[in-house]
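Q: Hey, I've just opened this one and I'm new to it. Can you walk me through what I'm looking at?

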Amino acid sequence: MYDYQFSLTRTPWECERAHQAFLQLYNTTAHQGLLKEQFTPPIPLEVLGEARGRLSTPDELARKCSRALFPRTTNRYGWVTLHRYHCYVAEGLPQTQVLLWVYGNALRALFDTVVLAEYH
């Protein structure tokens, strides 16, 4: 969900409002792919109608979204970037691939199974 409008939000409520505005605009604007396929009208909400994705319980979403691995290469000072955030890993590992591991509410930087840094 990285977008300039989302980057301006400062609270979860503002982020939710920006997300709802994005969905409204996305679903009511003509899309090039639908124009190319000659859908009339080429608007996602009209094409998809009431179609909905699979519903998931909050526990299932938490389980699926609570952990992720991001391979990153440190810069010459030992920092890596994840989205727009900069995280310090280790000064002694310039230009080295590390794994950023998000698990629950912790972010860990690993190199050869060694935790180099941990942020909560």
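Q: Let's start with a detail. Which backbone oxygen does the side chain of Thr96 reach at 3.3 Å?
A: That's the backbone oxygen of Leu93. The Thr96 side chain also reaches the backbone oxygen of Pro94, at 3.0 Å. Keep in mind that this is a predicted model.

Q: Okay, and where is Thr96 found?
A: Thr96 is in the loop between β3 and β4, with β4 covering 97–103.

Q: Is Thr96 buried or exposed?
A: Buried, because its relative accessibility is 16% and the cut-off for buried is under 20%.

Q: Setting aside neighbours within four places in sequence, what is Thr96 in contact with?
A: Arg72, Thr73, Thr74 and Phe111.

Q: Let's follow up on Thr74, then. Where is Thr74 found?
A: Thr74 sits in the loop between β1 (67–73) and β2 (79–82). Thr74 counts as buried too, because its relative accessibility is 1%.

Q: Which backbone nitrogen lies 3.1 Å from a polar atom of the Thr74 side chain?
A: The one belonging to Gln95. Gln95 is also on the list of residues that Thr74 contacts, once neighbours within four places in sequence are left aside.

Q: Let me zoom out a bit. How many helices and strands does the chain have?
A: Five helices and six strands. Going along the sequence, the order is α-α-α-α-α-β-β-β-β-β-β.

Q: What radius of gyration does the chain have, and what would a compact globule of 120 residues have?
A: The chain has 20 Å, whereas a compact globule of 120 residues would have a value near 14 Å. Taken along the principal axes, the C-alpha atoms fill a box of roughly 60 × 35 × 30 Å.

Q: And what share of the residues is buried?
A: Buried residues are 21% of the 120 in the chain. As for the accessible surface, the chain has about 9,600 Å², and carbon and sulfur atoms account for 58% of that.

Q: What about contacts: what share comes from residues 24 or more positions apart?
A: 25%, counting the chain's contacts with a separation of 6 or more.

Q: Charges next. How many positive and negative charges are there, and how far apart are their mean positions?
A: There are 12 positive and 11 negative charges, and their mean positions are 3 Å apart.

Q: Switching to histidines. Where is His86?
A: His86 is in strand β3, which runs over 85–88. His86 counts as exposed because its relative accessible area is 56%, and exposed means over 50%.

Q: What does His86 touch, not counting residues up to four places away in sequence?
A: Trp79, Val80 and Thr81. With Thr81 there's also a polar contact of 3.1 Å between the two side chains.

Q: How far is His86 from His31?
A: They're 55 residues apart in sequence and 34 Å apart in space, going from C-alpha to C-alpha.

Q: Last one, about Tyr4. Where is Tyr4 found, and is it buried or exposed?
A: Tyr4 is in helix α1, residues 4–7. Tyr4 is exposed, because its relative accessibility is 55%. The C-alpha atoms of Tyr4 and Glu16 are separated by 14 Å, with the two sitting twelve residues apart along the chain.

Note on methods:
Residues are numbered from 1 along each chain as its sequence is written. This is a predicted model: local features need pLDDT of at least 70, side-chain atom pairs count only at pLDDT 80 or more; totals for chains, interfaces and linings use all residues. Side-chain values use heavy atoms; hydrogens and water are left out. Helices (H or I, at least four residues) and strands (E, at least two) are DSSP runs, numbered from the N terminus. The radius of gyration is taken over C-alpha atoms; the globule rule is 2.2 Å times the number of residues to the power 0.38. Buried means under 20% relative accessible area, exposed over 50%, partly exposed in between (1.4 Å probe, protein chains only). Contact means heavy atoms within 4.5 Å. Accessible areas come from the Shrake-Rupley method with a 1.4 Å probe; for residues, only the protein chains shown count as cover. Lys and Arg count as positive and Asp and Glu as negative; His and the chain ends are not counted. The place of a charge is taken as NZ of Lys, CZ of Arg, CG of Asp or CD of Glu. A polar contact is a pair of N or O atoms within 3.5 Å; within protein, one must be able to donate a hydrogen and the other to accept it, and residues adjacent in sequence count only if both atoms are side-chain atoms.
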